[in-house]
Amino acid sequence: MEDNKKNTALRWKVIAGILAVALVVVSCLYVVGLTNKANQNIAAPTATEALDEKSEDALSLWTESAPLKKELTNYMTTITDEKSADFIPVDRRIAVFDMDGTLCCETDPGYFDHKLLYHRVVEDPNYKDKASDEEKETAEIIKGYFDSGEYPKGLDVKHGTAVATAFKGMTLSEFDSYVKEYRDTPMESYTNMTNGEAFYKPMLQVIDYLQDNDFTVYIVSGTDRLITRGLCDGVIDIPMSQMIGSDESLVATNQGDKDGLDYTFSKDDQVITGGEFIIKNLKMNKVSAIEKEIGLQPVLCFGNSSGDGAMANFTITNNPYKSGAYLLCCDDLERENGNIEKADKMRASCEENGWTAVSMKDDWTTIYGENVTKK
């Protein structure tokens, strides 16, 4: 009898212990659950807050006072919200960028494609003795442009024609290699930077930001299309089909003087440069190129010169979607080869046309990176 009482007491002690442990476990789980819930409430921002935070990080190389930073952040909040009246479907989120002076340096001492031609005709030991009189004449005019900073009337077409003839007969791979070899040469006015590295880091951030928000980005440049591809390859992450520029003819290696309608590409052929200049992609020609090659009206445009004005106005005129145009003003004389007179003219054009002016001096925390300095 005594043993039964002891066993019963022992069983109740065991049961009580198990219940006590269970109660502690349940209490701990409850506290952990409350803590996790509280943490979730703190850590989970609204969609708008998350987008604003992402936008701020994405445009970190822009000063807080930069109009583009504020406008573009607000713009993205509204056009990506399906409940907003300003919502833009993904397939209509088209942005177009000029290249020289908008994405990369155009004043060291001139446009990349003009420097490339000058090198080909005057400095390249494998070609300079073969250069035609017309190419040499164009090179002299380009040298005058480099020295004065003033772009001569008519040089755009003369330059395009000389590029076509000076690189005639190259395969596209050979032309691309030539462009890339030259882009690896040092910049004249800067330390620690090659021609291929002379891209504006704040503008590259804008491209990344747009792509993160499902924009399709096009480069619409006055530079030769093939040169544009070679310069931007590996720097800007867009396919070559989204790089539009000035054009020269392309033919087959065995085509000779036959028209394309009279010749069929054969298994023995390669595509080569044909030597004829077709069109300079500036002003209204940029609008025509957009209509032909994109087929949709852009909602955002980025440029820097009068050659981009038509493209900017086309973007913001009678657009069914919320749109904007941003034009760079070359007003930084310490970190860039700026020109205050040109910057003031562009700022006036922005006010006149309803574009937003971008100050390279005031809006950017850096241009090429802290390790690059202007000589």
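1. Strands β6 (residues 300-303) and β7 run parallel and are joined by four bridges; strands here are DSSP E runs of at least two residues, helices are H or I runs of at least four, both numbered from the N terminus, and two strands pair if DSSP finds at least two bridges between them. Leu300 has Gly324 as its bridge partner in β7. Between β6 and β7 the chain passes through helix α11 (residues 309-316), a right-handed β-α-β crossover; that is, with the strands pointing away from the viewer, the path from the first strand over the helix to the second runs clockwise.

2. This is a predicted model, in which local features need pLDDT of at least 70, side-chain atom pairs count only at pLDDT 80 or more, and totals for chains, interfaces and linings use all residues. Residues are numbered from 1 along each chain as its sequence is written, and side-chain values use heavy atoms, without hydrogens and water.

3. β7 also pairs with strand β8 (residues 356-359), in the parallel sense and over four bridges. Tyr326 stands opposite Thr356 in β8. The β-α-β crossover from β7 to β8 goes through helix α12 (residues 340-353) and is right-handed.

4. Six of the six residues of β7 (residues 324-329) are buried, so the strand is largely enclosed by the rest of the structure. Buried means under 20% relative accessible area (1.4 Å probe, protein chains only). Gly324, Tyr326 and Leu328 cover one side, and Ala325, Leu327 and Cys329 the other.

5. Cys329 has a relative accessible area of 0%. Its sulfur is 5.1 Å from the closest cysteine sulfur, in Cys350, too far for a bond. The count of disulfides (pairs of cysteine sulfur atoms within 2.5 Å) is zero.

Technical notes:
Buried < 20%, exposed > 50% of the residue type's maximum accessible area, 1.4 Å probe, protein only.
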